[in-house]
Amino acid sequence: MFLFRQPTMPTPDRALPGRPTPIVTPGAHFVTGRPLAGPFPEGSREALFALGCFWGAEKDFWEVPGVWVTAVGYAGGFTPNPTYEEACSGRTGHAETVRVIYDPQKVSYEELLRVFWEHHDPTQGMRQGNDSGTQYRSAIYTFGEDQQQAAEASRSMYAERLRAEGFGEITTEIKPAPDFYFAEDYHQQYLAKNPNGYCPDHSTGVSCPVGVGVNAGDQAPAGAETGRLPSSVGRA
């Protein structure tokens, strides 16, 4: 019998060295024309999600009312400023990640969590369907304690829903946001540029109730805790 062998994360000492400078200068969102790297409107919030191939995952979020701009990139690994080929080699430890800048007055973090849970299978470990590799793992990278608590609460409640439908345990990692590295331009808004592009659906079909966690609408403005965003954040 064929048994699927889960990919494993590299150790920091065996990860690719990467490079000190970014591989890309972020431009404008292909759909909305808004700047991928800011400046962002006053009061904007940031969220980071990994749920398999970031092409389809990004579209799931840019279509949500209240989301100001999205971008794809690499996060959660060890290699600074990786390329797509390096991330796919399994030797950087990064996950394909969607960065979401949103207006908390128009969409709650809990609603974004619902989109996250309902658009992939969070029980598969280092894969989504036939897409296998560390870059396809499920992850929520949080900004502040409010997001952390909301994410953990949503995981607990959604796990009950999945178990009731016969699914295994959730493997999603939830941890404070690491560095986010923008992916190459051709990956940004890929499905808008390539409407018939690769977009597998690995959702479980199990709904996630809105309001599953604590109110995370009052977390600090985008980038305020990490200092990774431009100083002009909130001055669009």
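Among contacts in the protein (heavy atoms within 4.5 Å) between residues at least 6 apart in sequence, 82% join residues at least 24 apart. This is a predicted model, where local features need pLDDT of at least 70, side-chain atom pairs count only at pLDDT 80 or more, and totals for chains, interfaces and linings use all residues. Residues are numbered from 1 along each chain as its sequence is written, and side-chain values use heavy atoms, with hydrogens and water left out.

**Overall layout**
- The protein has 5 helices and 8 strands; these are DSSP runs, with helices being H or I of at least four residues and strands E of at least two, numbered from the N terminus.
- Starting at the N terminus, the order of elements is β-α-β-α-β-α-β-β-β-α-β-β-α.
- Of its 236 residues, 53% count as buried, where buried means under 20% relative accessible area, exposed over 50% and partly exposed in between (1.4 Å probe, protein chains only).
- Carbon and sulfur atoms hold 49% of the accessible surface, which comes to about 10800 Å² by the Shrake-Rupley method with a 1.4 Å probe.

**Nonpolar cores**
- A nonpolar core is a set of buried Ala, Val, Leu, Ile, Met, Phe, Trp, Tyr and Cys residues joined through side-chain atoms within 4.5 Å.
- The largest one has 38 residues, and Phe49, Phe61, Val100, Tyr109, Leu112 and Ile140 touch the most other members.
- At least two residues of this core come from each of several elements, including β1 (45-51), α1 (54-62), β3 (95-102) and α4 (144-164).
- α3 supplies the largest share of this core, 6 residues.
- Leaving out residues up to four places away in sequence, Phe61 touches Phe49, Leu51, Val67, Thr70, Val98, Val100, Leu112, Val115 and Phe116.
- Another core, of 17 residues, lies apart from it and has Val24, Trp68, Ala177 and Phe180 among its members.

**The second largest pocket**
- Its lining has 16 residues, and Asp60, His119, Pro200, Asp201 and His202 lie nearest the centre of the pocket.
- α1 gives the most to this lining, with 3 residues.
- By class, the lining has 5 nonpolar, 7 polar and 4 charged residues; Ala, Val, Leu, Ile, Met, Phe, Trp, Tyr, Cys and Pro count as nonpolar, Asp, Glu, Lys and Arg as charged, and the others, Gly among them, as polar.
- A pocket here is an open set of points on a 1 Å grid over the protein atoms alone where a 1.4 Å probe fits, with protein on both sides within 12 Å along at least five of seven lines; lining residues have an atom within 4 Å of a point.

**Proline 41**
- Proline 41 sits in the segment before β1 and is partly exposed, with a relative accessible area of 23%.
- Proline 41 and isoleucine 101 are 60 residues apart in sequence and 9.5 Å apart in space, C-alpha to C-alpha.
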